[in-house]
Amino acid sequence: GVQTCALPIYEMISATRSRQPRQKLRLGFPDDYALGLLPDTFTALHVAGDDIEVEIICDLSSNLSAAFQRGDVDLALVTLETRPPSAVLGLNMVLSWVSHPAFQREAAEAVALAAYPEGCVFRRAMIASLDRAGRTWHVAAQSRNHAGILAAVWGRLAITAMARGTAPAGLSENPQDLGLPPLPTVPLYLLSREHPASARLEAILRQQLLSYGMSVIRG
């Protein structure tokens, strides 16, 4: 019992010593976006001097959209087929094929994919691209988490698709030697509610996303 209550008591004492309460912001990000975008976002927040405490919720886009509607998330970045009513920005996101540099496959082999479960926009984009090119494929690895997807790619089991410019260092984007067809763009939406701490982060994310070469969805 002592260890269980010690941490909350310590946090309560620490809070009373704080000069001023921090603004808390709940962020909802698919975990691949979190890894690719949030480090630079937080750096910009730090440079701007914003004193914000962030809670990061990583989940599938459909779950994050539902959490936003429930009021459990203040700002979210989601990839959905249709524009949510609460979207403050819509972008056409460019995708890249991502593989291990040493990944190899025979020309006649089916393309091995690492993908999120059915319903994922990235998964549909990969399959649609390969189907249009008349290429056979199979899902070699499926995971709800980015760590599982990356494990399959690092292990040379499969390839996947990620937002352009967000692949981890050491992996190859759009490897020419695999002869893969181009991927379509997919819609990306920024959801944001009125919150004292959201305006700065929303502005930073807008600038950051546009710097990746994304175009704004009009209407």
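**A walk through the predicted model**

At 42% relative accessibility, Cys 58 counts as partly exposed, a label for values between the buried range (under 20% relative accessible area) and the exposed range (over 50%), computed with a 1.4 Å probe on protein chains only. Cys 120, at 18% relative accessibility, counts as buried. A disulfide is a covalent bond between the sulfur atoms of two cysteines. The structure holds 0 disulfides, where a disulfide is taken as a pair of cysteine sulfur atoms within 2.5 Å.

This is a predicted model, in which local features need pLDDT of at least 70 and side-chain atom pairs count only at pLDDT 80 or more, while totals for chains, interfaces and linings use all residues. Residues are numbered from 1 along each chain as its sequence is written, and side-chain values use heavy atoms, with hydrogens and water left out.

Consider the strands next. Helices (H or I, at least four residues) and strands (E, at least two) are DSSP runs, numbered from the N terminus. Strands of a sheet pair through backbone hydrogen bonds, either parallel or antiparallel. Here two strands are said to pair if DSSP finds at least two bridges between them. S1 and S2 run parallel and are joined by 7 bridges; Gln 23 stands opposite Ile 52 in S2. S1 also runs parallel to S3, with 2 bridges between them, and the partner of Gly 28 in S3 is Ala 76.

Another group of 3 strands forms an open sheet in the order S8-S5-S9, with antiparallel pairing. Strand S8 (160–163) and strand S9 (172–173) stand at the edges with a single partner strand each, so one side of each has no neighbour in the sheet. Between strand S5 (residues 95–99) and S8 there are 4 bridges, and Trp 97 has Ala 161 as its bridge partner in S8.

Now the helices. An α-helix has 3.6 residues a turn, so residues three or four places apart point the same way. In helix H3 (residues 61–70), the buried residues are Ser 61, Leu 64, Ser 65, Ala 67 and Phe 68. They cover an arc of only 160 degrees around the axis, which puts them on the same side of H3; the arc is that of the directions from the helix axis to the C-beta atoms. On the other side of H3, Gln 69 and Arg 70 are exposed. What do the buried residues of H3 pack against? They pack against strand S1 (23–29), strand S2 (52–58), strand S3 (75–78) and strand S10 (186–192), with contact meaning heavy atoms within 4.5 Å. Just after H3, Gly 71 has a positive phi of about 90 degrees.

Helix H5 (residues 146–154) has as its buried residues His 146, Ile 149, Leu 150, Ala 152 and Val 153. Seen down the axis of H5, these residues fall within an arc of 160 degrees, so they line one face of the helix. Ala 147 and Ala 151, on the other side of H5, are exposed. After H5 comes Arg 156, with a positive phi near 65 degrees.

The loop between strand S7 (137–142) and H5 contains Ser 143. Ser 143 is buried, with a relative accessible area of 16%. The side chain of Ser 143 reaches the backbone oxygen of Asn 145 at 3.0 Å. Leaving aside neighbours within four places in sequence, Ser 143 is in contact with Ala 115, Tyr 116, Pro 117, Gly 148 and Ile 149.

Last comes the interior. A nonpolar core is a set of buried Ala, Val, Leu, Ile, Met, Phe, Trp, Tyr and Cys residues joined through side-chain atoms within 4.5 Å. The largest such core has 56 residues, and those with the most contacts inside it are Phe 29, Tyr 33, Leu 77, Met 93, Trp 97, Leu 113 and Ile 159. Which helix gives the most to this core? Helix H4 (residues 121–132) does, with 6 residues. Apart from this core lies another, of 10 residues, among them Phe 68, Ala 76, Leu 80 and Ala 87.

Two residues show the surroundings in detail. Leaving aside neighbours within four places in sequence, Leu 113 has contacts that include Trp 97, Met 126, Trp 137 and Ile 159. Ala 125 lies in helix H4 and is buried, with a relative accessible area of 4%. Ala 125 and Val 186 are 61 residues apart in sequence, and their C-alpha atoms are 7.5 Å apart in space.

How values were computed:
Polar contact = N/O pair within 3.5 Å; in protein donor to acceptor, adjacent residues only side chain to side chain.
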